[in-house]
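Here's a quick briefing to read with the model open in your viewer. Have a look around first, then work through the points below.

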Amino acid sequence: MIQVAILGFGVVGGGVAKVLEENAALLRARFQTDVSLKYILDIRDFTGHAMAQRIVRDFSTIEKDPEISVVFEAMGGVHPALEYSLAAIRAHKSVITSNKELVAHHGQLLLREAATAGVRYLFEASVGGGIPIIRPLSDCLAANRVTSVTGIMNGTTNYILTQMEKNGASFSDALSDAQARGYAERDPSADIDGVDTCRKLCILADLAFGYQVDPARVLCEGIRRITEQDISDASDAGYRIKLLGHVRETASGIVPIVAPFFIKKTHILSGVSGVFNGIGVVGNMVGETMFFGHGAGSAPTASAMVGDLIEALERPSTPVGWSDTAPDHFVQDAKTLAFSRYARFVSPTKAQKEAILDAADAVLRDKDGTLSVILKPMDAQTCEVFLASIMPASPESVIRIFVPGEYVPEE
Ligand code: HSE
């Protein structure tokens, strides 16, 4: 019999218990033995719950039980998830997690400890929920030099942007709707400020490029300032607005960015709507690949975690990993990249309007005192200088345009 424990009996932990129970026959057929959920660590009161007998409040019960071979960490946050994960690994138990914050910040340490202990640290569910992306990237695409990864990796913000486009909802109404449906994290700022996407992008960058990338080094912008007017101008011009995590290789390293982008309606990521996620990986041999599915939710996330159980049991000591910390120059600042940008100005003077049109490649709207344009490609500093030069007509909105394959750092 294989005995396992779950840390945290919330949405994700509850999903893992459900998959273990509902798909027990399938797992038994795979392993030729039962998978038994022995403990669930949670400090809340589950009196009367069908699983009440399995609830424990002291992690050391799990740590010290030699019968437990695999621990599902579904607590979220860094502490005490980090301490518990390290303790479980050092007690020779494989750890499976959906915790992107922990993996993004401490994945390197946890993988190294798992290698030393001869167990697995697995985190398929940390990016893209139920979408297979971690093992495809680290195994199936391992024969490639990855040139870029681009994705919609946050279901909450994608739901909000989709609601704004389809129903003309304001940002705050769409956010309230997402919260009412339980999509947003406990603190929605991690979703709407791009932090959640940034952590996921860093995990994928780690796997794709071989170094742990510190989320603090990534230019990260969220969607709080996106308005109905932005969405409508984008749509009229043949674009949608999506919160993208993007990282691409350069001659001497990589350049990551998380930000809302205008993306052509014809681009495959534009069709990823609602809470779905979509992640594209480009490799120098395979070309373009695309992974799509449920990026969050109890059952999809648990599907990935129980998939990791199979991986942990069938290949118990071959950790996926990145071994070194990135050298300083390796992660480059996306501010050096030249982007075209959508910009909207309200009531510019005649002189300001002339300056704006001089710097524009296209005019999207010029009526009722509003001028919306696509600015010529500029790096961040050039753009700031330009916008400052035409003050006080500072734009209502400035949003980068995503053009696959056209980001060349300015040397
Ligand atoms: N808050 C996250 C999302 C959950 O909306 O995608 C899954 O990581």
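A residue counts as buried under 20% relative accessible area, as exposed over 50%, and as partly exposed in between. Keep those cut-offs handy, because histidine 92 comes out at 52% relative accessibility and so lands in the exposed class. One caveat before the details: this is a predicted model.

**The ligand and its surroundings**

- The ligand has 11 residues around it, and the closest are Lys100, Gly155, Thr156, Asp191 and Lys200.
- By type, that shell splits into five charged, four polar and two nonpolar residues.
- Two helices, α7 (155–167) and α10 (195–209), each put at least two residues into the shell.
- On the oxygen side of things, a backbone N or O atom of glycine 155 sits 2.8 Å from an oxygen atom of the ligand, and a side-chain N or O atom of threonine 156 lies 2.6 Å from a ligand oxygen atom.
- Aspartate 191 goes for nitrogen: a polar atom of its side chain is 2.8 Å from a nitrogen atom of the ligand.
- On its own the ligand has 260 Å² of accessible area, and the protein covers 90% of that.

**Helix α1**

- Helix α1 takes in residues 11–22, which makes 12 residues.
- From first C-alpha to last, α1 reaches 16 Å, close to the 16 Å expected at 1.5 Å a residue.
- Which residues of α1 are buried? They are Val12, Gly13, Gly15, Val16, Ala17, Val19 and Leu20.

**Two buried loop residues**

- Aspartate 65 is in the loop between α3 (59–63) and β4, yet it counts as buried because its relative accessibility is 8%.
- Setting aside neighbours within four places in sequence, aspartate 65 is in contact with Lys38, Tyr39 and Lys93.
- Serine 270 belongs to the loop between β11 (254–264) and β12 (276–283).
- Is serine 270 buried or exposed? It counts as buried, because its relative accessibility is 2%.
- The side chain of serine 270 reaches the backbone oxygen of isoleucine 263 at 3.4 Å.
- Not counting residues up to four places away in sequence, serine 270 touches Arg240, Lys242, Ile263, Lys264 and Lys265.

- For background, most residues other than glycine have a negative phi, and most peptide bonds are trans.
- The bond from histidine 79 to proline 80 is cis, with omega near 5°; you'll find proline 80 in the loop between β4 and α4 (81–90).
- Histidine 92 isn't a glycine, but it has a positive phi of about 65°.
- Look for histidine 92 in the loop between α4 and β5 (94–97).
- Serine 347 isn't a glycine either, and its phi is positive at about 50°.
- Where does serine 347 lie? It is in the loop between β15 (339–346) and α13 (350–358).
- Serine 347 counts as exposed because its relative accessible area is 53%.

Key
Residues are numbered from 1 along each chain as its sequence is written. This is a predicted model: local features need pLDDT of at least 70, side-chain atom pairs count only at pLDDT 80 or more; totals for chains, interfaces and linings use all residues. Side-chain values use heavy atoms; hydrogens and water are left out. A residue is near a molecule or strand if one of its heavy atoms lies within 4 Å of it. A polar contact is a pair of N or O atoms within 3.5 Å; within protein, one must be able to donate a hydrogen and the other to accept it, and residues adjacent in sequence count only if both atoms are side-chain atoms. Accessible areas come from the Shrake-Rupley method with a 1.4 Å probe; for residues, only the protein chains shown count as cover. Helices (H or I, at least four residues) and strands (E, at least two) are DSSP runs, numbered from the N terminus. Ala, Val, Leu, Ile, Met, Phe, Trp, Tyr, Cys and Pro count as nonpolar, Asp, Glu, Lys and Arg as charged, and the others, Gly among them, as polar. The expected span of a helix is 1.5 Å times one less than its number of residues. Buried means under 20% relative accessible area, exposed over 50%, partly exposed in between (1.4 Å probe, protein chains only). Contact means heavy atoms within 4.5 Å.
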